[in-house]
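Hi there,

Here is the structure I promised to pass on.

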Amino acid sequence: MRNERDGAGGAGEEEAVRRLLAARPVMARDLPPFDPAGAPGDPRALFVAWLAEAADADVLDAGAVTLSTTDGDGLPDARVVALRDVDTRGRWVFASDEGSPKGRQLAAVPAAAMTFYWPAQGRQVRVRGPVERAAGEVAEQEFMSRSPLSRAAGLVARQSEPLASPGDFARALADARQRLAEHPGEIAPGHTVWRLRATAVEFWQGEKGRGHVRLRYERGEADHWSRGLLWP
Ligand SMILES: Cc1cc2nc3c(=O)[nH]c(=O)nc-3n(C[C@H](O)[C@H](O)[C@H](O)COP(=O)(O)O)c2cc1C
């Protein structure tokens, strides 16, 4: 890993960064209204409605979500993953390699948080709860549903290991594509599907006058959801 000292940008450069950010205040635009009185009893229904509205508004990668995990030392980590499903049991589904840092963190601490942000609507959704690993057949099916290129990338595995040279990855990917052409049913051994069983889901609707609306659902006994407003 390269180790270079920061450039001597100094105060002028810092000022430029501050000006860049100050010229782009968040939520300073007209955003859709959200009336929590009309919200459904189950957060999944509201999530799916907001996801569809984000997709209709052409939010890029509307199904991308920041997944936060914790390692065995209690240190948090986060990265973006693709949401694969939200099932009717209120579980948010994602997939990756079990040997990746996130896979190892989930093995050590099987709980996570997800944060969606859909800028076109000024909407954030937060989901948190314990994470369950799906059965091997589920992971296999999910892997086989992917494009050949995505499967080839999955076969390379080694996610987040140090890469000595970009050519190493290109060669590994080409090898994996060749292997897949010969054995189309090959499945990456570490490919894993996880399900975050939501215990709390919060919907946040931004408003340019700071009247942001926050609605939080909590899962209680017998999967009954209660909900209430939060101060913005
Ligand atoms: C839009 C987007 C979608 C992504 N989807 C996934 C995904 O579904 N699974 C995955 O393992 N990595 C995905 N990544 C890459 C991850 O952000 C991350 O780089 C990788 O999983 C390694 O994370 P880790 O080192 O924390 O395990 C995605 C990245 C972006 C920007």
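I'll start at the ligand. One of its oxygen atoms is 3.4 Å from a polar backbone atom of Pro101. Please keep in mind that this is a predicted model, and that every value here is computed from it.

An oxygen atom of the ligand is 2.5 Å from a polar backbone atom of Val80, and the side chain of Arg84 has an N or O atom 3.1 Å from a ligand oxygen. Taken on its own, the ligand has 620 Å² of accessible area, and the protein covers 66% of that.

Which residues come nearest to the ligand? They are Arg79, Val80, Ser96, Lys102 and Ser160, out of 13 residues around it. By type, the shell consists of six nonpolar, four polar and three charged residues. Three elements each supply at least two shell residues: strand S2 (76-82), strand S4 (91-97) and helix H3 (101-108). Of the shell around the ligand, S2 gives the largest share, with four residues.

Now for the protein as a whole. The chain has 232 residues, and 34% of them count as buried. Its secondary structure consists of six helices and 10 strands. The C-alpha trace spans about 55 × 55 × 40 Å along its principal axes. As for the surface, the accessible area of the chain is about 14200 Å², with 52% belonging to carbon and sulfur atoms. If you take the contacts between residues at least 6 apart in sequence, 64% of them join residues at least 24 apart.

The largest nonpolar core holds 31 residues, and Trp92, Met114 and Phe116 have the most contacts inside it. Several elements give two or more residues to this core, among them helix H2 (43-56), strand S1 (64-70), strand S5 (111-118) and strand S6 (123-133). S4 is on that list too, and S4 also supplies at least two residues of the shell around the ligand.

Leaving out residues up to four places away in sequence, Phe116 touches Phe47, Ala62, Ala64, Val65, Leu83, Trp92, Arg123, Gln124, Val125 and Val127. There is also a second, separate core of eight residues, including Ala152, Val156, Ala176 and Leu180.

Enjoy looking around, and write back with any questions.

Best wishes

Notes
Residues numbered from 1 in each chain as written. Predicted model: local features only at pLDDT ≥ 70, side-chain atom pairs only at ≥ 80, totals over all residues. Heavy atoms only, no water. Near = heavy atom within 4 Å. Polar contact = N/O pair within 3.5 Å; in protein donor to acceptor, adjacent residues only side chain to side chain. Areas by Shrake-Rupley, 256 points an atom, 1.4 Å probe, with all protein chains shown as cover. Nonpolar A, V, L, I, M, F, W, Y, C, P; charged D, E, K, R; others polar. Buried < 20%, exposed > 50% of the residue type's maximum accessible area, 1.4 Å probe, protein only. Contact = heavy atoms within 4.5 Å. Core = buried A, V, L, I, M, F, W, Y, C linked by side-chain atoms within 4.5 Å.
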